[in-house]
Amino acid sequence: MKQLYLIIFLLLTGFALQAQSNMDKPVSASFTQAHVEEFVTTLERQTGYHFYYDPIGFDSLRITLQVNARPLTEVLRLAFASTTYHYAIAGDQVFLTKGQQISTELAAGYFGTQPAAESNANAINFNTGNAKEAVRATTENKVYTVGIKTADFKPGKVTLAGYVRDIKTGEALVGATVFETALKVGASTDQFGYYSLSLPRGRHILTARGLTMKDARRQIELYDDGRLNIDMQEQVTTLKEVKISADKIANVRSTDMGVTRLDIQDIKQVPTAFGEPDVLRVVTTLPGVQTVGEATTGFNVRGGSADQNLILLNDATIYNPAHFFGFFSSFDPDIVKSVELYKSSIPEKYGGRLSSVLEVINREGNKNKFTGSAGIGLITSRLNIEGPIDSGKTSFIFGGRTTYANWLLNLLPKEYKNSSASFYDLSLGISHQINEKNNIYFNGYFSSDAFRLNSDTTYAYGNRNFSLKWKHNFNNKFYGVFTAGTDRYQYSIADAGNSVEAYKLKFDVNQTFVKADFNYYLSRKHTLTMGLSSLLYKLHPGDQQPVGANSLVVPVTIAAEQALESAAYIGDNYEVTDKLSLSLGLRYSMFNYLGPKKVNEYAPGLPRQTVNLVDSVNYASGKVIHTYQGPEIRVSARYLVTDEFSIKASYNTLRQYIHLISNTTAISPTDVYKLSDPNIKPQFGQQVSLGFYKNFSSNTIETSVEVYYKKIKDYLDYRSGAVLVLNPHLETDVLSTQGKAYGAEFLLRKNAGKLNGWMSYTYSRTFLKQNDVNEGELINGGAYYPANYDKPHSFNFTGNFKFSHRYSASLNVVYSTGRPITLPLSKYQYAGSERVYYSDRNAYRIPDYFRSDFSINLEGNHRVHQTFHNSWSFGVYNLTGRQNAYSTYFTEQGGAINGYKLSIFAKPIPFINYNIRF
C-alpha cells in the first residue's frame with residue numbers, strides 16, 4: 001500500500017513540475033474591456049493551462065490589462081485586483097471563482113501516516129474510451145479519452161462524432177453547437193442531436209452551446225475516430241443575464257438565408273385567441289409571412305398562395321394545418337421540439353412546393369422518467385404524457401386535444417344560434433435506440449374537425465399521418481435516414497335538412513412516400529447531402545351521393561387521379577475560407593401522371609373549352625399518361641464581413657405538381673386538389689434574394705434586411721363564373737397565368753434581458769397576368785393585376801416583459817394592408833335580362849387589418865422537488881375591439897346591390913388558460 005502512495009505522490013509531483021514549467025512561460029497580451037472567454041482563450045493558448053469557470057458568474061466582468069513577458073500568476077493577480085474574483089492553480093488546471101476562493105491542497109493525513117503533498121497538483125481523472133463505443137461526457141472535471149490510448153499522439157486528423165442530449169430528459173438537442181475554440185472548428189447538431197467534427201489528434205477543449213441550456217465544456221484526448229456524447233443541463237438565467245449562445249450567431253454565420261428557427265418558449269409567450277400557444281399564429285408574425293384575414297387557415301409566404309407551402313409534421317405532409325375556423329393550429333405546443341421556416345434558400349432535400357417549407361418536429365419523449373402536462377382553457381383542453389418504455393433505450397410521447405366550444409357559439413347573435421363546432425387531435429411518438437449506430441422513430445397524427453354555421457350543412461375534415469424512420473450511422477462521417485409513411489386528408493360536406501335534397505359530398509387526398517437521405521461529412525470544408533424520394537399520389541376529386549330514401553340528388557363521381565413524383569438530389573456545404581461559405585445543391589424531379597384515367601383532348605391552337613373538345617382517350621391502370629421533369633437549382637452564399645455582420649445571397653428554382661382549386665383566398669373544406677396532367681402544367685418558380693445580417697450588444701440583438709424577386713409560371717386562376725366542384729372537365733374553367741413577386745423584409749429581434757421579442761416590417765407585392773389569346777379569356781385586358789393575397793404592407797410587433805421569473809406580460813400588435821377584391825359597379829340590361837357590371841379583377845381592397853393582443857403570464861413556484869408545476873395566462877384578444885373584415889359579400893335589396901362586411905371578432909375577447917406539468 002505504501003508503494004501505491006509513493007506512486008501517487010510521484011505522479012502528483014510530476015504534474016506539479018510540468019505545471020511549474022508551463023507557469024514559467026511568459027505571457028504577453030493586451031486586453032481592452034475583454035470578456036472572460038477572450039481572456040481565458042489567450043492564456044490557454046500561451047501557457048498550455050486549462051481554465052474552468054462558470055460563464056454566468058463572469059458575464060459582467062470586463063478586463064483591461066496590458067502585460068509583456070509576465071508570469072501567469074502575476075497576470076491573474078493583476079486581472080482580478082480589486083474585484084471579488086479569485087483563482088486557484090492545480091497542476092495544469094486553473095479554477096476561476098467568484099466570491100469564495102477554493103483550496104487545491106490535499107488534506108492533512110490524506111495518505112494515512114504520510115504528510116500531505118506540498119504541491120498544487122491535483123489528480124486528473126481519465127476516462128479511457130473504446131474506438132467502437134461512445135464515451136458519455138457529463139462533467140467538466142474529467143479528461144475523456146476517445147480512441148485507443150497510445151504513448152503519444154500520431155499526426156493527422158480524425159473524426160469525432162456523437163449526440164448532444166438534455167441530461168434531464170435524455171432527448172436530443174436540435175441546433176446545438178459543438179466547437180473547438182482554439183482551432184475555430186465547430187458543427188451544429190441536426191434534428192437527431194447528432195454532430196460530427198474533424199480535429200487533429202491531441203488534447204482539446206470542446207464547448208457545447210444550446211438555446212436555454214448551460215454551456216458545457218469538455219476536455220478530451222483524441223487518439224482516433226470515436227464517439228463523444230455530451231449531456232447538457234438546462235440553464236435557469238437571471239433576468240439581467242446576457243447569455244451568448246450559438247443560436248444567436250447562427251443568423252450571421254450560417255449560409256442559410258430566409259430561414260427562421262423558433263423556440264417553443266417564445267411561441268408560448270405570444271398571446272393568441274383563447275390563450276392556447278399556437279405555432280402558426282407565431283409564424284405569421286415573421287417577416288415575409290402573411291394571412292389573408294382574420295381566423296383564416298393557411299398562410300402566404302413571399303407572394304405565394306397558401307397551397308405553395310409544404311407543411312411537414314415529422315416528415316408527414318399536413319394539407320390543412322388548422323382547427324376551429326383557423327383559430328388553432330394542428331400542432332400541439334406541448335410536444336413540439338423545433339419549428340423551422342424556409343423562405344429562400346430551401347434545402348435541396350425538399351421539393352414539390354413553390355414558396356416555403358415549414359418543418360415541425362415533435363419531441364421524442366423523456367427517456368429517464370414519466371412526466372406530463374395538461375392545459376384547460378375556455379374552449380379547449382389538452383393532455384400530454386411521456387416517459388421511458390425501456391429505460392434509456394425507448395421512450396414515448398402522447399398528446400391529445402379537444403374542444404367544447406358550443407357554449408360560446410350559443411352566445412353569438414341569433415342568426416348563429418343553429419351553429420356548432422368541434423375538433424380533436426391525437427399525436428403519438430415512439431423512439432427506440434437499437435444501438436449506437438441504429439435508431440428507429442415512429443410518429444402518428446390523427447385529427448378531426450366538424451362545424452356548421454346557422455344551417456343544416458355540416459363541414460368536416462381531418463388529417464391522418466403515419467411515418468416510420470430508421471437512422472443508421474455507417475461511421476462517424478456518414479449516416480443515412482430511411483423514411484416511409486402515408487398521409488391522408490379527407491373533407492366532406494353534408495346536408496340533411498331537407499330530405500328531398502339531402503346529400504353528402506366527399507373529397508380526399510392520399511399519398512404514400514418513401515425516401516432515403518444521406519449526410520456525409522467529407523472534411524472540415526465539405527459536408528455533402530444526397531438522397532432519393534418517391535411519392536405516390538391518389539386523389540378522389542369529388543363524390544356526391546344522396547342521403548336517405550327520399551333524396552332526389554343525382555349521384556356524381558369524378559374519376560380518381562394518381563401520379564408518381566420522384567426526385568434525386570445532391571448538395572454540398574462548402575467552406576471556401578473562414579469568411580466565405582457556399583451551399584450548392586441540385587435536385588432533379590420527375591412527375592408521371594398515371595392511369596386509369598380518361599383524358600380530354602382539345603383542338604390545337606384553340607382555347608380549352610367544351611366546344612373545342614375533339615376526343616377523350618382512356619388509359620389503363622398504371623399506364624404513364626404524361627411526364628413532366630426538370631432540374632431544380634439551389635445556391636446560396638455567405639460572406640462574413642465581421643464576426644457580427646454578414647452578407648448573403650441565394651438563388652433557387654422549384655416545381656409544384658399539385659394545385660389547390662379554390663374560389664376562396666383561404667383553405668376551406670370546399671376546395672379541390674388537382675394533379676398536373678396533359679392539360680394542366682405544373683407550376684414553376686425561381687427566386688433570387690439578397691440579405692444583410694448584423695448583430696449588436698454581444699449578439700443579443702439581431703437585425704436583418706432581405707430583398708427578393710420571384711417569377712412564377714403556370715399558376716392557376718379562374719375564368720369568370722368558373723365551376724370548381726364536381727367538374728369533369730376542370731381544365732376548361734382554369735387559366736394558366738404568369739406572375740411576379742418582389743419585396744423587402746426587415747427584422748429586429750432581441751433575445752435576452754427583461755424585454756425580449758421581435759419587430760418586423762414587410763413590403764411585398766404579387767402580380768399575375770393572363771395575356772395568352774389561346775386561353776380564350778384575357779383578364780384585365782392581359783395586364784398585370786394583384787393576386788388575391790397581395791398585401792403590400794405588413795407590420796408585426798411581439799414583445800414580452802419579464803417582471804420576475806414568475807411574472808411576465810406579452811403584447812402582440814399586427815397591421816396589414818387589406819387584400820384585393822373585385823366589386824360590382826353597376827347593373828345593365830342585355831338581351832332582355834339584367835346583368836351586373838364588375839370592376840377589373842382585384843381593382844379594389846377591403847379595409848386594412850389591425851389587431852392588438854395582451855396577456856399576463858403567471859408561473860408557479862420554481863421548486864425543483866415538487867410533483868406539480870402550474871401556470872396561468874390571462875389576456876385579451878383584439879384589445880381595441882376593431883371590426884376587421886373576415887369576408888365581404890354583396891346582396892341585391894330593393895333593386896340595389898349592397899355590400900356587407902362580416903367580422904368574426906368585432907369585440908375584445910378575454911381568455912384564461914391554466915397549465916400544469918407533472
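Of the 918 residues of the protein, 53% count as buried, where buried means under 20% relative accessible area, exposed means over 50%, and partly exposed lies in between (1.4 Å probe, protein chains only). The model is predicted, so local features need pLDDT of at least 70 and side-chain atom pairs count only at pLDDT 80 or more, while totals for chains, interfaces and linings use all residues. Residues are numbered from 1 along each chain as its sequence is written, and side-chain values use heavy atoms, with hydrogens and water left out.

The secondary structure comprises seven helices and 58 strands; helices (H or I, at least four residues) and strands (E, at least two) are DSSP runs, numbered from the N terminus. The accessible surface comes to about 39,600 Å², and 57% of it belongs to carbon and sulfur atoms; such areas come from the Shrake-Rupley method with a 1.4 Å probe, and for residues only the protein chains shown count as cover. Among contacts (heavy atoms within 4.5 Å) between residues at least 6 apart in sequence, 66% join residues at least 24 apart.

One part to examine is an open sheet of three strands, which has the order 2-5-4 and mixed pairing. Two strands pair if DSSP finds at least two bridges between them. Strand 2 (50-52) and strand 4 (85-90) are the edge strands, each pairing on one side only. From one strand to the next, the twist averages 25°. Strands of a sheet pair through backbone hydrogen bonds, either parallel or antiparallel. Strand 2 and strand 5 (residues 93-98) pair in the parallel sense over three bridges, and Gln93 in strand 5 is the bridge partner of His50.

Two helices lie across strands of this sheet. Helix 2 (residues 36-47) lies across strand 2 and strand 5 and runs at about 155° to strand 2. Helix 3 (residues 72-79) lies across strand 2, strand 4 and strand 5, at about 165° to strand 4. Axes are lines fitted to C-alpha atoms, for helices over the stretch in contact, and angles run from 0 to 180 degrees between N-to-C directions. Phe31, Phe39, Tyr53, Phe58, Phe80 and Tyr85 form one aromatic cluster.

A search of the whole structure finds 34 aromatic pairs. Rings of Phe, Tyr and Trp (its six-membered ring) pair if their centres lie within 6.5 Å; planes under 30 degrees apart count as stacked, over 60 as edge-to-face and the rest as tilted. Phe192 and Tyr441 form a tilted pair, 5.4 Å centre to centre with 40° between the planes. Because Phe192 lies in the loop between strand 11 (185-188) and strand 12 (194-200) and Tyr441 lies in strand 29 (residues 438-452), the pair ties together parts that are 249 residues apart in sequence. Phe192 counts as buried at 6% relative accessibility, and Tyr441 is buried with a relative accessible area of 10%.

Phe370 and Phe396 also form a tilted pair, with 6.2 Å centre to centre and 55° between the planes. Phe370 is in the loop between strand 24 (356-362) and strand 25 (371-377), and Phe396 is in strand 27 (residues 394-403), 26 residues apart. Phe370 is exposed, at 56% relative accessible area, whereas Phe396 is buried, at 18%.

Finally, Ser381 lies in strand 26 (residues 380-390). Ser381 and Glu276 are 105 residues apart in sequence and 9.2 Å apart in space, C-alpha to C-alpha.
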